[in-house]
Amino acid sequence: MPTIHLLIKGKVQGVFYRASAREEAEKLGVTGWIRNTPGGDVEALVSGDDEKLKLFVDWCKIGARRARVDEVTSRPAMEQVFQQFLIVRGA
């Protein structure tokens with residue numbers, strides 16, 4: 001299953017970004033995980049078909065209602081299969 005690594009920068013912690021991303025991931029049918037980084041960013045590893053991954057990345061560029069996304073970097077990662085989309089606590 002195609003897998004991508006995302007790093008989201010901006011005002012993305014403390015604004016329900018991860019919870020909103022999980023809702024969007026479940027809606028789209030992508031799996032993986034998302035977590036806060038110690039540097040104030042949000043990091044995710046996401047698997048799904050190419051079209052669903054594109055839609056998820058597009059959502060990440062806007063993010064949660066109270067978020068301010070400055071930058072989203074995306075790069076291919078080793079293909080993985082996840083059972084669900086999880087919020088991971090701690091880095």
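Trainee: How many helices and strands does the protein have, and what makes a run of residues count as one of them?

Mentor: The protein has two helices and five strands; these are DSSP runs numbered from the N terminus, where a helix (H or I) needs at least four residues and a strand (E) at least two. Read from the N terminus, the elements follow the order β-α-β-β-α-β-β. This is a predicted model, in which local features need pLDDT of at least 70 and side-chain atom pairs count only at pLDDT 80 or more, while totals for chains, interfaces and linings use all residues. Residues are numbered from 1 along each chain as its sequence is written, and side-chain values use heavy atoms, with hydrogens and water left out.

Trainee: How do you know that the radius of gyration agrees with that of a compact globule?

Mentor: The radius is taken over C-alpha atoms, and the globule rule is 2.2 Å times the number of residues to the power 0.38. For 91 residues a compact globule would have a radius of gyration near 12 Å, and the protein has 12 Å, so the value agrees with the rule. Along the principal axes, the C-alpha atoms fill a box of roughly 30 × 25 × 20 Å.

Trainee: Why is E24 called buried, and what does E24 touch?

Mentor: Buried means under 20% relative accessible area, exposed means over 50%, and partly exposed lies in between, with a 1.4 Å probe and protein chains only. E24, at 13% relative accessibility, therefore counts as buried. Across the protein, buried residues make up 45% of the 91 residues.

Trainee: Why is the pair K27 and E24 called a salt bridge?

Mentor: A salt bridge is a side-chain nitrogen of Lys or Arg within 4 Å of a carboxyl oxygen of Asp or Glu. The closest N and O atoms of K27 and E24 are 3.4 Å apart, and the pair forms a salt bridge. Both residues lie in helix α1 (residues 17–28), three residues apart, about one turn of the helix. K27 has a relative accessible area of 63% and is therefore exposed, whereas E24 is buried at 13%.

Trainee: What makes E43 with R35, and D70 with R68, salt bridges as well?

Mentor: The closest N and O atoms are 2.8 Å apart for E43 and R35, which form a salt bridge, and 2.9 Å apart for D70 and R68, which form another. E43 counts as buried because its relative accessibility is 14%, while R35, with a relative accessible area of 23%, is partly exposed. In the other pair, D70 is exposed at 52% and R68 is partly exposed at 45%. The structure holds five salt bridges, these pairs among them.

Trainee: Why is G14 called exposed, and where does G14 lie?

Mentor: G14 has 64% relative accessibility, so this residue counts as exposed. G14 lies in the loop between β1 (3–11) and α1. The C-alpha atoms of G14 and P76, which are 62 residues apart along the chain, are separated by 27 Å.

Trainee: What share of the contacts join residues at least 24 apart in sequence?

Mentor: Among contacts in the protein between residues at least 6 apart in sequence, the share joining residues at least 24 apart is 79%.

How values were computed. Contact = heavy atoms within 4.5 Å.
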